[in-house]
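Please read the following briefing alongside the sequence and the coordinates.

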Amino acid sequence: MAVVSAQTPSSIYPSHLLEETPEFQDVIASSPPPTDDADLAAVRVGTVLWKLRSSNAWYRRRYWVDTQNMRLHYEPSHKPFWCNAKQHIDILDIKDARLGWKTDIFNLAGRQAEKKRAKDPQRPPMLKEDCCFSIIHGRDNKSLDLVASDPETAATWVRGFKSLITAVQAVQKRRSDQQWLKLLFNKADKDGSGALCFDECCQLLLQLNMKIDPDAAIKLFQISNVRKRKIKGEDAIDAEEFIQFYQLLLVRPEIDTLFRKYSEDDGASMSPNGLRQFLEKEQSMKDVNAEFAVGLIRRFDPSPSKEMGRMTLAGFTALMTSPMFEILDESQRDKVVHDMTRPLSHYFIASSHNTYLTGNQLTSESSIEAYITVLKNGCRCIELDLWDGSDGEPVIYHGNTLTGTVPVKDVLNDAIKPFAFKTTDYPLFLSFENHLCLEQQAVLATQIKDAIGDFLCLMDVADMKELPSPEQLRNKIIIKAKKYISSGSHHAPSTTSSPAPSPPPEKEEQLAQKNPSSSQPAVPLPHANSSQQEKTSQPIAKDLFDMVNICEAVKFHGFVNSLKKDKCYHISSFSEGKALDLITESCEDFVRHTTRQLVRIYPAATRTTSSNFSPFPHWAVGSQIVALNYQTNSKEMRMYRGFFRQNGNCGYVLKPQYLINNTFPLPLEHDKLQKYLKVRIISGQYLPKVGESENSIVDPYVTIKILGHSADTFSFRTRVVANNGFNPYWDEAVEVFLRAPELAVICFTVKDSQTIGASRFIGSYSLPVNHISPGYRHVPLVRNGEPLSSATICIQVEMKDLND
């Protein structure tokens with residue numbers, strides 16, 4: 001099907017789409033990078049595009065962006081007479097815009113188009129890559145794959161969307177500021193009148209999870225209605241008045257009390273000296289001078305008082321709810337602070353298991369999007385299960401199951417190459433499970449060279465005594481693989497095959513592979529290593545063999561044997577169960593082993609639903625690559641993400657010194673208490689509703705869980721606050737003493753209590769105990785790995801090291 005060029009007259013769009021929206025322009029103006037007005041105008045006016053669902057499913061639709069209500073609208077150009085509803089995607093849900101073939105759907109369609117053209121070179125191209133672009137959106141990173149009539153239009157839409165995404169992210173970071181409220185107001189203004197009546201305001205507040213007393217609220221509504229505007233005979237307020245109404249309803253007693261404590265006699269404003277005292281006494285900030293305090297006043301206070309060097313309650317509230325006072329220690333958020341010059345074996349490394357899967361281990365899809373997601377989240381070890389493809393090119397899937405396949409070439413070019421170092425430039429491991437014949441191993445080696453050859457780590461390990469450091473390996477990709485694999489059977493995946501009668505065998509210990517004759521030469525078995533190879537072992541293809549150096553996978557034959565024969569660049573893998581057995585039998589030997597060699601731990605084969613195990617017992621003995629299913633938002637995964645928030649989220653965390661120095665007995669085996677922690681759960685803000693009912697209000701409560709060393713397990717739960725997700729107030733405190741704080745992770749979870757059935761998960765946030773900031777802090781909530789816009793809980797923290 002040819003792509004039809006079409007010009008859409010501006011008259012078919014609602015008139016407000018052609019006008020400048022002052023509220024959003026304010027957002028754009030304050031959000032770097034600067035927006036190209038022509039790009040933004042183009043996406044507002046819109047155009048006709050083709051939507052691609054598959055190579056044979058094309059849909060011609062009109063698309064435009066409504067920046068007033070923050071939506072991407074689309075509708076069929078010839079819709080049935082009974083269909084009046086327009087479709088849309090909220091801009092708030094859009095995560096990325098990509099030019100070209102950068103999704104699974106486009107890659108498949110592109111390959112099919114190229115095959116057809118190869119058979120008929122005179123055939124005009126059906127699908128030009130420079131006319132294609134994708135919008136990534138939603139919790140599951142769905143792709144809206146679109147084809148424009150020309151390359152300029154595609155590029156314009158991608159630039160326009162990237163600017164919109166940047167602007168929205170800036171608004172979300174500022175949480176409840178005026179621009180955020182104006183966006184919500186505009187979304188609630190269904191008729192475009194520019195005003196909301198009292199009932200409409202109450203509906204908007206209900207969406208914000210705020211249940212209000214109508215009698216009290218109507219009085220505040222009338223106070224806010226300065227312009228005395230009426231819509232259809234009812235009193236109505238505009239956006240500015242709604243913000244005033246909203247702020248009158250928002251009561252933060254903890255902030256108000258703090259403000260009055262450090263403000264002057266009348267309690268109306270705070271001097272730089274009062275602010276300095278607050279920062280030093282309550283927030284434990286050191287060396288705060290008057291100049292710093294004045295800077296904060298000018299930065300956060302919106303009123304004229306800042307010109308007189310004083311802070312109002314509004315400014316103080318803005319300061320207290322800013323990212324500056326989030327719970328994670330500011331030094332750990334955006335920069336690497338650990339020593340990165342130690343050997344790789346001295347670090348815990350963020351690692352993913354079966355990275356390609358979007359769900360369970362038996363029937364879920366495989367996708368490049370799964371790789372992109374984990375790489376953007378700071379993962380530094382990803383897994384590729386390699387199988388022979390039916391067309392002569394290797395594919396990735398979970399062998400002997402009904403999971404989908406994805407070509408290795410697509411993963412290399414569209415996920416690893418562009419995203420390997422997007423979040424961090426420290427080394428990335430590619431963990432191979434090699435089921436390929438020699439011919440397709442040779443194809444794989446060529447694909448690797450073509451896509452990421454410049455990034456490959458190609459170190460000589462002949463005389464290596466210890467592993468190189470992350471610092472030495474910046475922007476390098478390390479291949480983790482066996483150089484010799486056992487012979488056996490292999491096959492190309494089939495869409496008609498049945499799932500295995502039992503879970504696939506545990507990998508890296510039981511996998512089998514056949515190597516038929518090939519024109520690709522194999523590497524001869526070196527005599528020095530022949531005793532370590534199984535009798536049925538065969539070397540991998542030479543080009544692939546040469547890519548494996550500082551992370552060569554070998555079979556584990558015991559700690560004693562490993563100490564005698566293994567090299568520092570050897571790595572062994574254990575299932576979670578096998579690893580726990582070794583820890584029980586030989587804890588000290590395990591620690592000694594991990595000071596010099598890498599170890600990978602992976603989930604048991606019985607975890608067919610992609611559930612996860614606790615990483616803490618494995619970290620406690622120094623295991624570096626503890627691989628979890630990132631696609632599963634389990635409590636283990638939430639703790640795992642929290643642990644790697646430290647050190648700038650670079651995916652590498654330096655081990656505690658006692659796991660590096662081989663000092664026994666381990667300090668954490670002693671009964672000595674190392675840290676005192678007191679947490680006061682004060683209040684919540686903007687907690688979203690859970691479930692289908694629009695009229696439901698959450699009944700929230702907070703749990704605190706600490707995991708780490710087995711002696712440091714701790715949990716606590718607050719009471720339930722009924723019918724208040726907007727600003728629930730708990731004011732409950734708890735104390736805990738820890739023995740091994742270096743490994744401890746604390747998780748704050750907010751749930752909605754149910755009269756019948758289990759409580760519903762609202763959001764959570766985890767972080768290392770050692771990197772909690774003291775004083776009054778806000779905990780930003782996360783759900784399914786994504787931040788919940790504006791949802792936080794306010795806490796007060798007191799900490800003390802007991803070994804000083």
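Met308 is found in the loop between α11 (290-300) and α12 (313-320), where helices (H or I, at least four residues) and strands (E, at least two) are DSSP runs numbered from the N terminus. This is a predicted model, in which local features need pLDDT of at least 70 and side-chain atom pairs count only at pLDDT 80 or more, while totals for chains, interfaces and linings use all residues. Residues are numbered from 1 along each chain as its sequence is written, and side-chain values use heavy atoms, with hydrogens and water left out.

- Met308 is exposed, with a relative accessible area of 62%; buried means under 20%, exposed over 50%, and partly exposed in between (1.4 Å probe, protein chains only).
- Although Met308 and Ser271 are 37 residues apart in sequence, their C-alpha atoms are 9.3 Å apart in space.

**Overall make-up**
- The protein has 21 helices and 31 strands, and buried residues make up 55% of its 804 residues.
- Of the contacts (heavy atoms within 4.5 Å) between residues at least 6 apart in sequence, 70% join residues at least 24 apart.

**Salt bridges**
- The whole structure holds 27 salt bridges, each defined as a side-chain nitrogen of Lys or Arg within 4 Å of a carboxyl oxygen of Asp or Glu.
- Glu369 and Arg98 meet through their side chains in a salt bridge with an N to O distance of 2.6 Å, and this pair links distant parts of the chain, with Glu369 in helix α13 (residues 368-376) and Arg98 in strand β5 (residues 94-99), 271 residues apart.
- Glu369 counts as buried at 9% relative accessibility, and Arg98 counts as buried at 7%.
- Arg260 and Asp256 form a salt bridge whose closest N and O atoms are 3.1 Å apart; both residues lie in helix α9 (residues 253-262), four residues apart, about one turn of the helix.
- Arg260 counts as partly exposed at 48% relative accessibility, as does Asp256 at 24%.
- Arg474 and Asp425 also meet in a side-chain salt bridge (2.6 Å, N to O), which links two loops 49 residues apart, Arg474 between α15 (438-452) and β16 (477-480) and Asp425 between α14 (408-419) and β15 (428-435).
- Arg474 is partly exposed at 31% relative accessibility, and Asp425 is partly exposed at 26%.
- Salt bridges that share partners join Asp96, Arg98, Lys162 and Glu369 into one network.

**A loop residue with surface exposure**
- Asp191 lies in the loop between α5 (178-188) and β8 (196-197), and counts as partly exposed at 49% relative accessibility.
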